[in-house]
Amino acid sequence: MRRVPVSLVVFLVVVLSGALMMAQRGRGGAGGEGTPTVNGQCPPGMTEFRPGRCRAPEFPPPSIVDYRPRSTLVTPENLRPRAKFPVVDIHNHTTITATNIDQMIRDMDELNLRVLVRLGGGGSSTGPAVQQAVDYLQSTPHKDRFRIFATVQWNGAGGPGWAEKAVADLEAAVKAGAIGLKIAKNLGLDSRRADGSRLKVDDPGLKPIWDTCARLNIPVIIHTAEPREFFSPLDFHNERWLELALFPSRRNDPTGKPPDGNYGPLPTFEDLMGERDRMYAANPKTRYIGAHFNWYGNDLARAARQLDATPNLVLEVGAVLYEFGRQPRAAREFLTKYQDRVLFGKDAYEKSEYPYFWRVFETNDEYFDYYRDYHAFWKLYGMGLPDEVLKKLYYKNALRVAPGLPQTGWPE
Ligand SMILES: [Zn+2]
């Protein structure tokens with residue numbers, strides 16, 4: 001009898017036990033199992049479990065609203081309820097009143113938030129409104145804890161006498177105590193000129209406003225457009241799908257299709273970026289603060305090119321922490337290189353949310369939650385910024401860009 005080679009025996013045992021295991025598991029085994037991908041994609045409801053092969057979960061999958069797996073990662077937690085250095089929040093919308101001021105001061109002291117800048121919260125901040133707010137603050141012991149930016153009324157822009165009135169209003173607001181000008185996102189998106197056309201960010205008729213800010217030595221904080229994904233198709237590749245599904249007003253038709261036939265096509269994301277950048281370039285003597293990092297937090301190379309090309313610009317980090325926190329090494333490198341060009345701002349006032357910023361900026365913690373999972377379903381990482389960079393980000397740069405801030409009593 002011929003001897004059976006050992007290698008053949010081993011081969012047969014492996015094949016037979018594999019087949020047995022597959023039979024026991026029913027659905028198991030990768031070989032020819034499952035459904036093949038079509039054009040590299042699995043059919044809806046399936047996921048690629050082996051290269052080119054798709055399988056549906058055995059149980060009904062949770063929706064993205066319900067799927068909240070708890071992390072089993074064990075790693076140091078360095079919560080930062082209080083910022084390491086005093087902070088100027090250059091981008092806030094809270095109106096300070098006799099009803100909330102005491103609680104606000106207690107919160108701000110706990111957070112180490114020394115000055116909060118209000119940007120036309122809840123309505124206009126033209127002369128009389130600023131005067132009223134400043135008069136109130138002067139009557140309290142806390143006048144150095146708050147500052148106010150003015151706003152401009154766009155209605156009728158380009159029409160007769162509009163620019164003269166807008167400039168006079170702005171001068172009155174600054175005389176009353178405003179220390180900067182806030183431009184909200186409606187400029188470029190939905191503000192109209194007197195003739196009904198879209199008021200573009202680089203409309204030459206706005207030049208008297210920018211000139212006035214340069215002459216009065218006040219900065220302009222400008223919010224243009226929205227995150228890029230707010231202009232992208234609302235499909236399951238959109239990383240802001242949940243937010244856009246929750247907030248209809250944040251959707252912009254990616255094709256620029258107008259809501260009615262009257263005003264011509266709506267601007268795309270790149271249209272708005274281009275208009276804003278031409279405005280920066282045409283007004284080199286005006287100091288601009290790009291709110292929300294000009295929506296380049298997810299593209300730091302582009303943010304760097306823009307800062308290099310635009311000496312009259314600084315960037316503010318309001319509401320884009322989720323971008324820095326998902327790329328802590330690149331963000332640390334960026335904030336270190338451009339440490340003179342970045343300001344802290346939060347946007348919505350919510351006491352419990354500030355410590356997430358401190359933790360991302362100050363610690364080296366890893367893989368922790370963001371405060372709004374509809375903004376960012378991913379985790380954040382700390383970037384451990386050096387003290388000198390933190391001081392510039394938290395207050396030093398703001399004191400330079402907005403001279404109307406309280407200038408004394410800060411650490412060296
Ligand atoms: Zn804002």
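Predicted model: local features only at pLDDT ≥ 70, side-chain atom pairs only at ≥ 80, totals over all residues.
Most residues other than glycine have a negative phi. A positive phi in a residue other than glycine is also found at N39, where the value is near 50°; N39 lies in the loop between strand 1 (35-36) and strand 2 (47-50), and it counts as exposed because 4 C-beta neighbours fall inside 10 Å.

With regard to the overall architecture, the secondary structure of the protein comes to 13 helices and 11 strands, and buried residues make up 37% of its 412 residues. Among contacts between residues at least 6 apart in sequence, 73% join residues at least 24 apart.

Helix 9, which spans residues 300-309, contains the buried residues L300, A303, Q306 and L307. These residues cover an arc of only 115° around the axis and therefore lie on the same side of helix 9. An α-helix has 3.6 residues a turn, so residues three or four places apart point the same way. The face of helix 9 turned away from the buried side carries the exposed residues A301, R305, D308 and A309, whereas the cover over the buried residues of helix 9 includes strand 10 (313-316) and helix 11 (328-337).

Conventions. Residues numbered from 1 in each chain as written. Helix = DSSP H or I, 4+ residues; strand = E, 2+ residues; numbered from the N terminus. Buried ≥ 20, exposed ≤ 12 C-beta atoms within 10 Å, placed from the backbone. Contact = placed C-beta atoms within 7 Å. Arc of directions from axis to C-beta.
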